[in-house]
Amino acid sequence: MANSIAERDINQATVGIIGAGVAGSTIALRLAEQGIKTLLIEQGDGLVNGPPMCHLHAGGNLYREISDEQCVKLLNQSINTLRIYPHCVNQRPTVIAVPNQDPGEPSDLMPRLYLLRDEYQRIVAQDPRNQLLGDPEQYFTLYQFEDMQRLAQLATPEFPTSNDDWMIPIAKQVDLSQLKYPLVLVQEYGLSSLRIAATATLALAKLDQAQVLTQTKVLSVSQHNQGWQLETQDQHGQQTYRVNYLVNACGFRTGQVDDMAKFKRQRIVEFKAAYIARWQTPNAVWPEVIFHGQRGTPKGMAQLTPYCDGHFQLHGMTKNITLFKDGLVQSDDTSSQPKLPNALVNKIVNHWPQDVLVSRTEQAIEHLSQFVPSFNQAEFGGKPLFGAQQIPGDDANLRAAAVSFEQHNYARAEIVKASSALTAADQILDKLVQLKLVTPKLEASREAQFPITLQLGMAEITQLAIGLALHRNYPAALALPYHATSSKDKAVVTQQKTLSKPITGRVGMEVANAS
């Protein structure tokens, strides 16, 4: 039995949020910045530590299978995300390539690209502050084989300043004979989960209306009058909290809280992993590169995501790399929580066997090397980024999702991509206003909604992000803005590398229920 149970009656309207992943943390920021009393509960020891997050899906061009409507949503959501997390973007474009071995054609991508360019032009015309992906006319650029041959003859710039500059490393090191043309360079940037974690941690600490409880497990939730009573367990024993409105933002464990609250919801959960490799390619600053492929086959999509200091994050949409046997599961009539195999749950809450970790990283390197031959010189770079991703409903291809609501002041955040978190926060605030639980402030702009968050500077965010990287056993380079090219930035990387812990046979994950 626990120690004494403390009851905390909350007199004014209070929103409780369970789960401090990117969804829960962003919702907490949105509400607390409005002056709404917010209780954020996380069972891990820090914020925003969930499944792999590396890409700002400003148009959804990684996913040929999703609808144009979802792509337009992702574009708008991404621009809003950039406006509140300006220091969390890694500003480099993405190159989309269709291999010869793939049944698709580059021409299949064109209608969507023109649609997205037009949408970007529209929202920039609506508000010039939305021009965060460069000139709308340059949202995407096409490169034919002859263009790539020409670029291959040029010197590799140390500091890319044009689209052509970004394509030079591709022209020099990718096997161009394996690809269909044109290639597409599109302004989809990188997103740093570590700097988002740092931003949320720093901003919530400054907001008097936000109470953040980490290392706190929710034991039960039950209806109490018009709100909810939460029984929790922390290092001091059991505690009781009462809130007027409850937000379930538990990521892949959202179904567990649904079961506690006695709500039914159909959903999918998928376990995925991305791998870290170290590849010392001299004087080359890379864009992100996507080689399309058929998911779940040996020819699945290959994704090369660059970070600082020669680190790359790798996805291979094959069953031996990013995907896992029985890693995609659905809920059933007995529970809203899909049940992953014990072996995958063990990876999330406990450890990865070292031989599996190294083997999958090596297979990811081999998968990318079929298109970038010199990448076979890359080496194991550290602990993988991994976790389980929830997808509401029964469509495994869904990517643009936000919130669903139940009666009795209950909502669940069901984002699939990080850029949807702010949309979820907006929808929850709208519901609170509709229920007359809060009175909204009327801000003139998106920036005016986040005055405390946007006071934070890159230096303090990056400093904390480096600390989080080391604490979570990741290379410090993953926390730095891309690309860290100044001597000062490189000195930081070198200094922090000496502090990094060695990878052992037990590689844990601090927060398993982040969204």
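Start by selecting the loop between α7 (254-261) and β14 (267-278), which is where Lys262 is found. This is a predicted model, so treat the tour as a walk through a prediction.

**Stop 1: two positive phi values**

With Lys262 on screen, look at its backbone: phi is positive, about 65°, although Lys262 is not a glycine. Most residues other than glycine have a negative phi, and most peptide bonds are trans. Is Lys262 buried or exposed? Lys262 is exposed, with a relative accessible area of 74%.

Now move to the loop between β17 (311-316) and β18 (328-330) and pick Asp326. Here, too, phi is positive in a residue other than glycine, with a value near 60°. Asp326 is partly exposed, at a relative accessible area of 49%.

**Stop 2: a cis peptide bond**

Next, select Tyr181 and Pro182. The peptide bond that joins Tyr181 and Pro182 is cis, with omega at about 10°. Pro182 is found in strand β7, which covers residues 179-186.

**Stop 3: the whole chain**

Zoom out and colour by secondary structure. The protein chain has 12 helices and 21 strands. Of its 515 residues, 59% are buried. Among the contacts in the chain with a separation of 6 or more, 75% are between residues 24 or more positions apart.

**Stop 4: the open sheet**

Show β9, β3, β2, β13, β21 and β20 in that order: they make an open sheet of 6 strands with mixed pairing. Which strands stand at the edges? They are β9 (210-213) and β20 (403-406); each has a single partner strand, so one side of each is left without a neighbour in the sheet. On average, neighbouring strands of this sheet are turned by 20° against each other, direction ignored.

Within the sheet, pick out β13 (residues 245-248) and β21 (residues 410-413). These two strands run parallel and are joined by 3 bridges. To see a pair of residues across them, select Asn248, which stands opposite Arg412 in β21.

**Stop 5: helices across the sheet**

Helix α1 lies across β2 (14-18), β3 (37-41), β9, β13 and β21, and runs at about 165° to β3.

Leu432 counts as buried, because its relative accessibility is 0%. Not counting residues up to four places away in sequence, Leu432 touches Val15, Leu31, Tyr245, Leu437 and Val438. Draw a distance from Leu432 to Tyr245: their C-alpha atoms are separated by 8.2 Å, although the two residues are 187 residues apart along the chain.

**Stop 6: α1 against α6**

Two packed helices are described by the angle between their axes and the distance between the axes. Select α1 and α6 together: they pack at an angle of about 35°, with their axes 10 Å apart. The crossing of α1 and α6 is left-handed. Show side chains for Val22, Ser25, Ala28 and Leu29 in α1, which meet Ile196, Ala200, Ala203 and Leu204 in α6. How do the residues of this contact divide into nonpolar, polar and charged? There are 7 nonpolar, 1 polar and no charged.

**Stop 7**

In soluble globular proteins, nonpolar side chains tend to be buried together. The largest nonpolar core here holds 144 residues, and Trp286, Phe291 and Phe375 touch the most other members. Helix α6 (residues 193-206) gives the most to this core, with 8 residues. Now select Leu213, Leu230, Val243 and Ala261: they are among the members of a second, separate core of 16 residues.

**Stop 8: the β11-β12 hairpin**

To finish, show β11 and β12, which form a hairpin with 2 residues between them. Strand β11 (residues 227-234) and β12 run antiparallel, joined by 7 bridges. Select Trp228 and look across to its bridge partner in β12, Val243. Strand β12 (residues 237-243) is mostly covered, with 7 of its 7 residues buried. Val243 is also one of the residues in the second core visited at the previous stop.

How values were computed: Residues are numbered from 1 along each chain as its sequence is written. This is a predicted model: local features need pLDDT of at least 70, side-chain atom pairs count only at pLDDT 80 or more; totals for chains, interfaces and linings use all residues. Side-chain values use heavy atoms; hydrogens and water are left out. A nonpolar core is a set of buried Ala, Val, Leu, Ile, Met, Phe, Trp, Tyr and Cys residues joined through side-chain atoms within 4.5 Å. Buried means under 20% relative accessible area, exposed over 50%, partly exposed in between (1.4 Å probe, protein chains only). Helices (H or I, at least four residues) and strands (E, at least two) are DSSP runs, numbered from the N terminus. Two strands pair if DSSP finds at least two bridges between them. Axes are lines fitted to C-alpha atoms, for helices over the stretch in contact, and angles run from 0 to 180 degrees between N-to-C directions. Contact means heavy atoms within 4.5 Å. A crossing is left-handed if the near helix is turned anticlockwise from the far one by less than a right angle, and right-handed if clockwise. Ala, Val, Leu, Ile, Met, Phe, Trp, Tyr, Cys and Pro count as nonpolar, Asp, Glu, Lys and Arg as charged, and the others, Gly among them, as polar.
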